[in-house]
Each structure stands twice: as structure tokens, then as C-alpha cells.
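Morning, everyone. I have one structure to show, and I'll keep it short. Please look at the picture first.

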Amino acid sequence: MDDKDERRQWLMEVHAERDRLLPLRSEATRTTIGMLRGNAAHASQPDLVPYLNLTYLMAVKEGRGEDELMAFALSLANWAVSAVVDLAQHTNRTVEQVLDSYETAIMAAAEAEADEEDGADQADEEPP
């Protein structure tokens, strides 16, 4: 099978999955809005938000099943793309510039964390 056939097969699978999940779209959108309302209220506590999000995802999976979780994830992804596009438009930046700023912040945070770990390791190695 060549690349073109593989892409065609993949697209057929994606279309079939989208069609299968389509009846869950309204509920997934309501679930997304509920999660955003509840968890965005805690934006002033950025360390808490990932735990709240994970709790929400786990509750959807346990309470509604894998299909609802997949529909919810698709809804979240769609909302994320729309939010980035809106942010880019309102800040007169391109989508790439918005994403680059987030990526740069993540890289800086990872570097700072690695530096902290190196400092802690060096402190452990120093004699008293």
C-alpha cells in the first residue's frame, strides 16, 4: 500500500469515527461548557486546574464510557483551536505566534525545573 492509499484509508476511518460520534456532539459540547465554567473559575490557582481537568475527564470516562470521553475530547480540541484563533485575532498575532509564545514558556519552565533539580543534586553531593 502506498502513501496515498494509506492516507485515503486513514481519512475513511476518521470520517467513519466522526459520523459515529456525531450524535454525541451536543452532549459533549454541554459537558465542555460545564467543565470550562467550573475549572476556569480556579484559574487563579494554576497548580489546581490540571487536577480538576483530570478529575472531570475521569468522571466522564467512568460515568459515560469511552465514546462519550472521545466525543468530549474532540469537543475540547475544537474549543482549544477556536480559542487560539480568537486570541490571535484579538492580539493582532498569527496563530503560530500565539503557539510559539506558549511553547517558549513551556521550554523556559522545563529549563528552570531542570536547573532546580541540578542545584538540588549538587547540594546533596556536597559534604556537610
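This is a predicted model: local features need pLDDT of at least 70, side-chain atom pairs count only at pLDDT 80 or more; totals for chains, interfaces and linings use all residues.

The protein has 5 helices and 0 strands. Read from the N terminus, the order is α-α-α-α-α.

Now the dimensions. For 128 residues, a compact globule would have a radius of gyration near 14 Å. This protein has 21 Å. Along the principal axes, the C-alpha atoms fill a box of roughly 65 × 40 × 35 Å.

How much of the protein is buried? Buried residues are 12% of the 128. Here the cut-off is a relative accessible area under 20%.

What about contacts along the chain? Take those with a separation of 6 or more: 47% of them join residues 24 or more positions apart.

Next, the surface. The accessible area comes to about 10,100 Å². Carbon and sulfur atoms hold 57% of that.

And the charges. There are 11 positive and 27 negative ones. How far apart are their mean positions? The answer is 19 Å.

Now zoom in on the aromatics. A pair of rings is described by the distance of the centres and the angle of the planes. The count here is 1 aromatic pair. The partners are Tyr56 and Phe72. Their centres are 6.0 Å apart, and the planes make an angle of 40 degrees.

Where do the two rings sit? Tyr56 is in helix H3, residues 49-64, and Phe72 is in helix H4, residues 66-90. So the pair ties together parts that are 16 residues apart in sequence.

Buried or exposed? Phe72 has 1% relative accessibility, so Phe72 counts as buried. Tyr56 has a relative accessible area of 27%, so Tyr56 is partly exposed.

One more residue: Thr31. You'll find Thr31 in helix H2, residues 25-40. Thr31 is at 5% relative accessibility, so Thr31 counts as buried too.

What does Thr31 touch, leaving out residues up to four places away in sequence? The list is Tyr56, Val60, Arg64 and Phe72.

Thr31 and Ala71 are 40 residues apart in sequence. In space, C-alpha to C-alpha, they are 9.8 Å apart.

That's the tour. Over to you.

Terms used
Residues are numbered from 1 along each chain as its sequence is written. Side-chain values use heavy atoms; hydrogens and water are left out. Helices (H or I, at least four residues) and strands (E, at least two) are DSSP runs, numbered from the N terminus. The radius of gyration is taken over C-alpha atoms; the globule rule is 2.2 Å times the number of residues to the power 0.38. Buried means under 20% relative accessible area, exposed over 50%, partly exposed in between (1.4 Å probe, protein chains only). Contact means heavy atoms within 4.5 Å. Accessible areas come from the Shrake-Rupley method with a 1.4 Å probe; for residues, only the protein chains shown count as cover. Lys and Arg count as positive and Asp and Glu as negative; His and the chain ends are not counted. The place of a charge is taken as NZ of Lys, CZ of Arg, CG of Asp or CD of Glu. Rings of Phe, Tyr and Trp (its six-membered ring) pair if their centres lie within 6.5 Å; planes under 30 degrees apart count as stacked, over 60 as edge-to-face and the rest as tilted.
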